[in-house]
Amino acid sequence: MRFHTVSRGDTLYSIAWRYGRDFRQLAAINGIAPPYQIFPGQHLKLVGRALATTSLAAPKNTRKTPRRVSHTATKPRPKAVKSLTSSKPRKPASRVSSSGIRWQWPAHGKVISRFQAKNPLRKGVDIAGQKGESVLAAANGTVIYAGSALRGYGKLLIVKHNDEYLSAYAHNHKLLVREGSEVKAGQRIAELGSSGTDRNKLHFEIRRNGQPVDPLAYLP
C-alpha cells in the first residue's frame with residue numbers, strides 16, 4: 001500500500017504504527033511540519049522521498065506531539081494531562097537499555113505468545129491475566145495515543161519514551177490515562193482485558209524507529 005486516507009481519530013503516530021513506519025519519516029514524505037496536524041479525508045503517502053522543505057523544523061511555542069484528527073478546530077491542549085488514576089508507580093525489577101531507557105514488565109503474568117520477526121501477527125508478546133488487573137507503564141514517557149481506532153488492537157495505549165522508542169499496550173478493558181499524559185515506569189495506566197481479542201491478555205510491543213523489536217531483549 002502506498003497511500004492512507006486519514007479517518008477521524010487518526011494521528012500521525014497511529015498511522016505510522018499501523019504501517020510499521022517512523023512518524024518522522026511520514027511527516028517528511030508528506031511535508032507535514034510540527035505539530036503534525038492531519039485531517040479526515042487527507043491522503044498521506046506511505047513511501048517516497050522526503051520533501052525538500054524547511055517547514056519541517058519545529059516552530060517556536062508549538063506542541064510537538066501529533067494531534068488527533070478532528071472535524072472542527074480545537075483549542076491547543078496543555079503539555080501534560082494528569083492521569084485518571086492516582087495509583088503511584090510501582091518499583092519492580094528493571095533493565096537499562098543502551099538508549100538509557102529503564103524498562104520493566106508491563107504486567108504480572110505468564111507469557112503466552114512470543115515475538116517473531118517475520119510474523120505480522122507476533123510483533124510483540126502476549127501476557128495472560130485476569131480482567132481488571134493492572135497494566136503498567138514499561139518505562140517513563142508520554143502517552144501519544146489512547147483509543148481504539150487501530151484494528152486488531154482493541155483499546156490501545158502508545159507511549160513515546162524518546163525519539164527512537166515507543167511502546168504499546170493493547171486489548172485493555174479500560175484506559176486510565178489520556179493522550180498527553182506524562183507517565184512513570186510502573187504506573188498503572190490501564191486495566192487488562194479482552195477488547196479486540198478472544199481472551200483476557202495484554203499484548204505488549206516495543207518499536208524502535210517504527211520497527212517492531214523483541215520486547216524480551218529489553219525487559220528484565
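This is a predicted model: local features need pLDDT of at least 70, side-chain atom pairs count only at pLDDT 80 or more; totals for chains, interfaces and linings use all residues.
A residue is called buried here when its relative accessible area is under 20%. The buried positions are Leu12, Tyr13, Ser14, Ile15, Ala16 and Trp17, and the helix itself spans residues 12-19. Just beyond the end of H1, the chain reaches Gly20, whose phi is positive, at about 65°.

Helix H2, made up of residues 23-30, packs with H1 at an angle of about 105°, and the two axes lie 8 Å apart. Because angles of 65 to 115 degrees count as roughly perpendicular, H1 is described as roughly perpendicular to H2. On the H1 side, the contact is formed by Leu12, Tyr13, Ile15 and Ala16, which meet Phe23, Leu26 and Ala27 of H2. Sorted by class, this contact holds seven nonpolar residues, with no polar and no charged ones.

Strand E13 covers residues 188-191 and pairs with strand E7, residues 134-136, in the antiparallel sense over three bridges. Within this pairing, Leu136 stands opposite Arg188 of E13. Strand E13 also pairs with strand E11, residues 174-175, again in the antiparallel sense, here over two bridges. In that case Leu175 has Ala190 of E13 as its bridge partner.

Key
Residues are numbered from 1 along each chain as its sequence is written. Side-chain values use heavy atoms; hydrogens and water are left out. Axes are lines fitted to C-alpha atoms, for helices over the stretch in contact, and angles run from 0 to 180 degrees between N-to-C directions. Helices (H or I, at least four residues) and strands (E, at least two) are DSSP runs, numbered from the N terminus. Angles under 35 degrees count as roughly parallel, over 145 as roughly antiparallel, 65 to 115 as roughly perpendicular and the rest as oblique. Contact means heavy atoms within 4.5 Å. Ala, Val, Leu, Ile, Met, Phe, Trp, Tyr, Cys and Pro count as nonpolar, Asp, Glu, Lys and Arg as charged, and the others, Gly among them, as polar. Buried means under 20% relative accessible area, exposed over 50%, partly exposed in between (1.4 Å probe, protein chains only). Two strands pair if DSSP finds at least two bridges between them.
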